[in-house]
Amino acid sequence: RDDDDINDVASMAGVNLNEESARIMATNSDLVGTQIQSCKDEPFLAAIPLHKRILETAKKLGITDVPAEVVTFISHATQSRLRTVIEKVTVITQHRMESYKDDEWYEQATDVRSQLKFFEQLERLEKQRKDEQEREILLKAAKSRSRQEDPEQARLKQKAKEMQQQELAQMRQRDANLTALAAIGPRKKRKLDSPGLLAVGGEGLGVCGGSPGGAGAPASRQYARQKITRVNLRDFIFYMEQERETSHSLLLYRALLK
């Protein structure tokens, strides 16, 4: 009677149960009759050393037997904890590396890098001016022909002679480099569309025969390099300072002392 009621309701809604069943069987015929099994539970850490370490800790607390399920549970807990730490530290690193130069909602107030470059340029100009003054003094001392044997004058002449020899050696080295570059010739750039080259991921780069530009059209594809997030000690220290469990730990103090 229940089946008749269901059939009556389905027929009233305009649905044919036999057609729907046949359609489901035809669509999912590869899934019907298959047996689904769960994957083997593999621990994240090595079971034997972890079990030995747990037994050493348990003996101090008066526990003599630790089943294998405890080892598996602790291994999975370690994996989950490590995944959480890595995810949080990765977010901290991405926030540190994020640049707001091209963001329309931010306006640059100071540019410390340009200021440092300006000061470095001032120091370079000042050093160049002092070197020029010293060079002029040495050249004047080298050209002077005083008959008095002044030790300071002799020292300046010797220093001027060494400076001239050093400048002459630098000029010879510069000429030798220019001669070597002229002998080598212009450098040739690597052709990215040659079929023998390999791209990122091991895929070859070749000329597509069906390209609309013909054989002369460049067919090299540009592969996007995988972005690598590099975590440093400062990011990890910031993470430990934010976490309640590690904000007052000995590990944080040891990291701060490094």
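In helix 7, the residues D235, I237, Y239 and M240 are buried, where buried means under 20% relative accessible area, exposed over 50%, and partly exposed in between, with a 1.4 Å probe and protein chains only. These buried residues of helix 7 pack against helix 4 (68-97) and helix 8. Helices here are DSSP runs of H or I with at least four residues, strands are runs of E with at least two, and both are numbered from the N terminus.

This is a predicted model, in which local features need pLDDT of at least 70 and side-chain atom pairs count only at pLDDT 80 or more, while totals for chains, interfaces and linings use all residues. Residues are numbered from 1 along each chain as its sequence is written, and side-chain values use heavy atoms, with hydrogens and water left out.

From helix 7 the reader can move on to the loop between helix 7 (233-242) and helix 8 (250-257), where T246 is found. T246 counts as buried because its relative accessible area is 15%. Leaving aside residues up to four places away in sequence, T246 touches Y239, M240 and L252, a contact being heavy atoms within 4.5 Å. A polar atom of the T246 side chain also lies 2.9 Å from the backbone oxygen of M240.

Seen as a whole, the protein chain has eight helices and zero strands. Buried residues make up 12% of its 258 residues, and among contacts between residues at least 6 apart in sequence, 41% join residues at least 24 apart. The protein chain exposes about 23600 Å², of which carbon and sulfur atoms supply 54%; accessible areas come from the Shrake-Rupley method with a 1.4 Å probe, and for residues only the protein chains shown count as cover.

The protein chain averages a pLDDT of 77, and 73% of the residues score at least 70. Over residues 193-220, however, pLDDT stays under 50, and the model has 28 contacts beyond four places in sequence for these residues. Where pLDDT is low, the predicted coordinates should not be read in detail.

Terms used:
A polar contact is a pair of N or O atoms within 3.5 Å; within protein, one must be able to donate a hydrogen and the other to accept it, and residues adjacent in sequence count only if both atoms are side-chain atoms. pLDDT is the predictor's confidence in each residue, from 0 to 100.
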